[in-house]
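Subject: Model for you to look at

Hi,

Here is the structure I promised to pass on. Please open it alongside this note, and I will go through what turned up.

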Amino acid sequence: MSDETPFDYDLFVIGAGSGGVRAARVAAGETGARVAIAEESRYGGTCVIRGCVPKKLMVFASGYGRMADEARAYGWDIEEKGFSWDAFKPKLEAELDRLEAIYQRLLDGSGVDKFNQRATVADAHTVRLADGSTKTAKHILVATGGRPVKPDLPGAELGITSNEIFHVAELPKRILIIGGGYIGCEFAGILNGLGSEVTQYYRGTQVLRGFDDEARGLIADEMRAAGIDLQVETDVVKLEKDADGIRVFDTRGRETIFDQVLFATGRAPNTDGMGLAEAGVELGRNGEVIVDDFSQTAVPSIWAIGDVTDRVQLTPVAIREGMAFVSTVFRGVPMKPDHELIPTAIFTQPEMGTVGMSEEEAIQKAGEPLEIYTTSFKPMQQSFAGTAAQKILMKLVVGKQSRKVLGCHIVGPSAGEMIQLAGIAVKMGATKEDFDRTVAVHPTAAEEIVTMRNPTRTLG
Ligand SMILES: Cc1cc2nc3c(=O)[nH]c(=O)nc-3n(C[C@H](O)[C@H](O)[C@H](O)COP(=O)(O)OP(=O)(O)OC[C@H]3O[C@@H](n4cnc5c(N)ncnc54)[C@H](O)[C@@H]3O)c2cc1C
């Protein structure tokens, strides 16, 4: 196709994050399309530079204090001198540099032209680069992701977001985290594990809205038991600079001083000043790009994938949307990204893995009576050690008539690893009886998922 097109490129991708990089390198490397990509910040995007990857490395870092206690209980002679941010931070930065270089090499190796600058849409087939030059393309793919947003309140500029937390010069002694979503809860666990005194405010009645009530209730209890001062139905009114730190005024009329305030109060799609609406692309209420099932916008030559479309904000979803886009546009095989039954992990401490419907969602949507199977127990490893053990929860939401496992929720160590595998069974439409006839792997925590014989309760 390349020689027949009057355009500079067959595809111009804006944004080199999870979705954009995958789409660009597969289109160029596997279909022979002439592809360019523009990145205004760092290659790898949110996931690699300021999301999943650095976060997970910090989750790992934060777990070793607890492990040292356990190791002693198992007979190890360990002298623990505490965590050093100064030792960890340069290693984290070096790892992100390494990963960014891999992303760049993958693009180079696929023959993608890279422009290290901001790009906006000039018209249906033209991209304008920050240096003033323009490039034309048969297709434009908007993969600009999202950014954290702070609430509009006095002194908000004194707080930081998930973008900055990885770069702080030193770990705060006293930190306030505002927000009860998964990012706020994950950082509460991380910073608590690394030795900060963590207070978390959430304006709602329970953190992790949208997830199974029983699972999020257990996580909240365990977060508190681990030392996090989690305060629900509490929000911030204003922040003021104080000689001792940041003075926080809250909705309960209190004033408290913290060294650092982290806003985990939501994300907004990166569409500001992109020229999208002017080109005819429809945007939603929060600025997200509106696309059809194939990720095509209202302008046929402009497509959008990933967080900027605000469908499901996860890296593997952005990647799959990118792959489906390439299939549709460059392989001639129309493909809709599948957003059903997406397994996902929340790296709180304890961790959660979840796929399918929560009990509350199933009551609303399943259209049949339900059987709820739950089990809760202390993990063998910590029971033996006699150290504070975070409880494990396993839960299956089963359709009483269809027998299908409609939801699977696991809270506990390695829940993210477990749910990836349980997710295959649930995606295949496994029934409770399929789970039952699978032999347990003993002795593991995971075996409990196939040994729950009787429903804890029946609903409907
Ligand atoms: C703290 C945190 C933790 C997370 N943890 C997880 C997790 O554990 N698991 C998971 O699956 N997901 C996680 N996510 C979500 C995940 O990071 C995103 O869903 C994913 O990165 C979305 O990919 P994307 O390609 O849509 O956008 P992004 O990865 O955000 O990439 C967009 C890129 O576009 C660039 N850009 C923006 N505008 C322009 C422009 N005009 N010109 C040029 N370049 C531009 C940006 O600089 C960025 O590099 C996390 C996110 C955060 C913030």
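This is a predicted model: local features need pLDDT of at least 70, side-chain atom pairs count only at pLDDT 80 or more; totals for chains, interfaces and linings use all residues.

Residues are numbered from 1 along each chain as its sequence is written, and side-chain values use heavy atoms, with hydrogens and water left out.

**Aromatic rings**

Rings of Phe, Tyr and Trp (its six-membered ring) pair if their centres lie within 6.5 Å; planes under 30 degrees apart are stacked, over 60 edge-to-face, and the rest tilted. The count by this rule is eight aromatic pairs. Phe 83 and Phe 88 make one that is tilted, with 5.8 Å between centres and 55° between planes. Trp 303 and Phe 325 make an edge-to-face pair at 5.5 Å and 65°. Trp 303 sits in strand 16 (residues 302-304) and Phe 325 in helix 9 (residues 315-330), so this pair ties together parts that are 22 residues apart in sequence. Helices (H or I, at least four residues) and strands (E, at least two) are DSSP runs, numbered from the N terminus. Both Trp 303 and Phe 325 are buried. Tyr 9, Phe 12 and Phe 115 form one aromatic cluster.

Lys 238 lies over Phe 249 at 4.6 Å from the ring centre, and Lys 114 over Tyr 43 at 6.0 Å.

**Domains**

The chain divides into domain 1 (9-146 + 268-330), domain 2 (156-265) and domain 3 (344-459), with bounds from an automatic or database domain assignment. The C-alpha centres of domain 1 and domain 2 are 27 Å apart. Between them about 1,300 Å² is buried, 68% of it on carbon and sulfur atoms; buried area here is the accessible area (1.4 Å probe) that two parts lose on being put together, summed over both. On the domain 1 side, Lys 55, Met 58 and Trp 85 lose the most area to domain 2, together 42% of what that side buries. Lys 55 also meets Glu 186 in a salt bridge (3.0 Å, N to O), the term meaning a side-chain nitrogen of Lys or Arg within 4 Å of a carboxyl oxygen of Asp or Glu. The count between domain 1 and domain 2 is one salt bridge.

**Backbone points to check**

Most residues other than glycine have a negative phi, and most peptide bonds are trans. Here a cis bond joins Gln 349 and Pro 350, with omega about 15°, and another joins His 442 and Pro 443, with omega about -5°. Pro 350 is in the loop between strand 17 and strand 18 (352-356). Leu 341 has a positive phi of about 50° and lies in the loop between helix 9 and strand 17. Ser 414 has a positive phi near 65°, in the loop between strand 21 (405-411) and helix 12 (415-427).

Best wishes

Terms used. Buried means under 20% relative accessible area, exposed over 50%, partly exposed in between (1.4 Å probe, protein chains only). A charge sits over a ring if NZ of Lys or CZ of Arg is within 6 Å of the ring centre and within 35 degrees of the ring normal.
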